[in-house]
Amino acid sequence: MYDVAIIGAGVTGSAIARELSRYQLNICVIEREEDVCCGTSKANSAIIHAGFDAVPGTLKAKVNVKGNAMMDQIAKELDIPFKRNGSMVVCTKDQDPKGLEVLMERGKANGVPDLQILDREALIAMEPNLSDDVVCALFAPTGGIVCPFHMTMGYAENACSNGVEFFLNTQVDDIKKAESGYELTVTHTDSGEKEIKTAKVVINAAGVYADTLNNMVSEHKLHITARKGEYMLLDKDAGKHVSHTIFQLPSKMGKGVLVSPTVHGNLLVGPTAVDVEDKEAVNTTQAGLDSLGRTASLSVKNVPLRQVITSFAGLRAHEAGDDFVIGEAEDAKGFINVAGIESPGLSSAPAIAVMVADRVKEMLNPEVNDKFNPIRKGILHPDTLTLEERNELIKKQPAYGNIICRCEMITEGEILDAIHRPLGARSLDGVKRRTRAGMGRCQAGFCSPRTMEILEREVPMSMFDITKNGVGSNIVIGTNKEL
């Protein structure tokens with residue numbers, strides 16, 4: 001019997017797990033994928049929103065601004081890259097500037113500090129590559145950028161180090177009310193074995209599938225639509241084309257196509273916004289990617305789209321009420337929904353975690369965990385060291401002198417760290433998300449075999465069992481002569 005079972009190891013579920021590990025509770029996180037950060041949390045705009053877009057009085061507005069304010073401390077404790085680069089919402093000559101005034105009034109009502117509307121002259125001094133049609137913009141200096149992989153993994157690793165159990169490759173098939181809490185029927189997707197886990201409190205942080213889980217136990221049905229967003233990621237040579245996050249005036253489908261630097265030095269363009277029925281539809285489309293180039297040019301000129309190194313798509317969990325659904329189901333006591341967490345979900349995760357943890361405290365009245373340690377140390381990147389420090393590191397640990405990924409200059413030492421730390425990598429994508437090995441220009445074309453050799457040796461695991469991203473994505477299927 002667990003005190004708390006959290007379903008979903010995205011940024012929201014992982015943040016809640018870490019927050020609850022401050023207390024003497026028996027906690028588990030159940031995730032159907034082979035790693036944390038495999039759903040919406042891995043494919044998004046990587047933006048920490050200032051909080052001017054959400055309608056005042058909504059949950060989105062409340063937790064966005066609180067989460068934004070918490071990010072500096074979170075980044076410090078979890079050792080994750082975060083930068084307040086500021087954001088702009090641009091208005092072109094064909095648009096009504098009153099839209100910016102509406103956003104600014106919303107932002108002020110939500111408590112967003114230092115908002116101002118700037119004219120073209122001030123904007124061009126800050127961003128020379130803005131479109132010739134841009135006439136003014138709302139500027140929010142508290143907007144920021146983060147690495148969603150590192151943010152989610154920072155939360156999850158810290159939770160794990162503080163005693164939370166993670167069950168990966170574990171699919172929740174059914175949830176039933178039990179005498180004391182809930183019974184969760186799960187399937188271990190890597191072995192096919194079924195099992196029943198019990199918990200006093202269940203937290204539903206299952207992304208686009210949160211409605212399915214809620215509807216197993218509650219007559220108050222949720223309906224979540226998967227809203228696909230396609231993106232293009234450009235080479236680091238294009239990373240300085242803009243320095244702020246450039247938004248367009250939002251529409252009913254979202255905040256429009258943004259152009260933004262990433263914390264790792266690339267340039268990101270996207271997303272599209274198309275509602276889809278298939279909750280696994282993370283494929284990109286030619287039409288979607290073509291539209292990104294056309295739409296991005298409305299706010300930023302000369303975006304060097306010939307330097308695109310990869311494209312990807314993610315699904316946002318859009319709830320029919322157009323707000324976050326956070327709280328205990330009325331007719332299912334002990335079942336807490338954290339559903340409909342679309343944008344600004346990444347920004348809101350720290351505040352959502354506190355909000356949910358406070359509710360669990362009221363329900364279970366736990367003692368404080370005196371051994372809780374909020375500090376998580378990230379993977380050491382040798383390029384952050386001085387030449388002298390790096391030489392000394394290589395003397396002590398020669399693996400840091402062996403470059404595996406030439407595009408991103410990732411060493412064997414970093415990959416070893418990624419494999420052996422809490423919730424260590426067990427796939428190529430697991431290594432990639434933790435170290436960036438395979439995220440550069442060649443997109444893993446050269447470093448994959450070397451990374452596989454390290455996984456085979458260090459886990460250890462058979463070369464035949466190594467996957468790109470979990471069950472069904474095996475890289476090696478046989479030997480040449482046998483085939």
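The model is predicted, not determined by experiment.

## Nonpolar cores

The largest nonpolar core holds 51 residues. Within this core, L20, I203 and V338 touch the most other members. Several elements each give two or more residues to this core: the strands β1 (2–7), β2 (27–30), β12 (194–204) and β20 (335–339), and the helices α1 (11–20), α2 (59–78), α5 (148–161) and α8 (345–364). Helix α8 supplies the largest share, eight residues.

The model also has a second, separate core, made of 22 residues. Among its members are A137, F139, L234 and V257.

## Strands around β12

Strand β12 pairs with β1, β11 and β20, as the table shows.

| Strand pair | Direction | Bridges |
|---|---|---|
| β1 and β12 | parallel | five |
| β11 and β12 | antiparallel | six |
| β12 and β20 | parallel | three |

Individual bridge partners can be named for each pair. I6 has I203 of β12 as its bridge partner. I203 also stands opposite I336 in β20. L184 faces K197 of β12, and strand β11 covers residues 181–188.

Strands β11 and β12 form a hairpin, with five residues between the two strands. In the turn, G192 has a positive phi of about 85°.

## A sheet of three strands

An open sheet is built from three strands in the order β3-β8-β4, and its pairing is antiparallel. The edges are taken by β3 (47–48) and β4 (82–83), each of which has a single partner strand, so one side of each has no neighbour in the sheet. Strand β8 covers residues 144–146 and pairs with β4 over two bridges in the antiparallel sense. In this pairing, F82 stands opposite V146 of β8.

Two packed helices are described by the angle between their axes and the distance between the axes.

The axes of α1 and α8 come within 8 Å and cross at roughly 45°. The two helices are therefore oblique to each other. Their crossing is right-handed. On the α1 side, the contact is made by V11, T12, A15, I16, E19 and L20. On the α8 side, the contact is made by L346, A349, I352, A353, V354, V356, A357 and V360.

Helix α10 spans residues 412–420 and helix α11 spans residues 428–435. Their axes come within 9 Å and cross at roughly 110°. This angle lies in the range from 65 to 115 degrees, so α10 and α11 count as roughly perpendicular to each other. The crossing of α10 and α11 is right-handed. Here E414, I415 and A418 of α10 meet V431, R434 and T435 of α11.

## Two single residues

L346 is found in helix α8. L346 counts as buried because its relative accessibility is 10%, and the limit for buried is under 20%. Leaving out residues up to four places away in sequence, L346 touches V11, N44, A46, I47, I48, V146, P148 and M151. V11 also belongs to the α1 side of the contact between α1 and α8, and V146 is the residue of β8 that stands opposite F82. L346 and L268 are 78 residues apart in sequence, and their C-alpha atoms are 16 Å apart in space.

G256 lies in the loop between β14 (245–248) and β15 (258–261). With a relative accessibility of 29%, G256 counts as partly exposed. The residues that G256 touches, not counting those up to four places away in sequence, are G270 and P271. G256 and I246 are 10 residues apart along the chain, and 10.0 Å separates their C-alpha atoms.

Note on methods. Residues numbered from 1 in each chain as written. Predicted model: local features only at pLDDT ≥ 70, side-chain atom pairs only at ≥ 80, totals over all residues. Heavy atoms only, no water. Core = buried A, V, L, I, M, F, W, Y, C linked by side-chain atoms within 4.5 Å. Buried < 20%, exposed > 50% of the residue type's maximum accessible area, 1.4 Å probe, protein only. Helix = DSSP H or I, 4+ residues; strand = E, 2+ residues; numbered from the N terminus. Pairing = 2+ DSSP bridges. Contact = heavy atoms within 4.5 Å. Axes fitted to C-alpha atoms, helices over the stretch in contact; angles between N-to-C directions. Parallel < 35°, antiparallel > 145°, perpendicular 65-115°, else oblique. Left-handed = near helix turned anticlockwise from the far one by under 90°.
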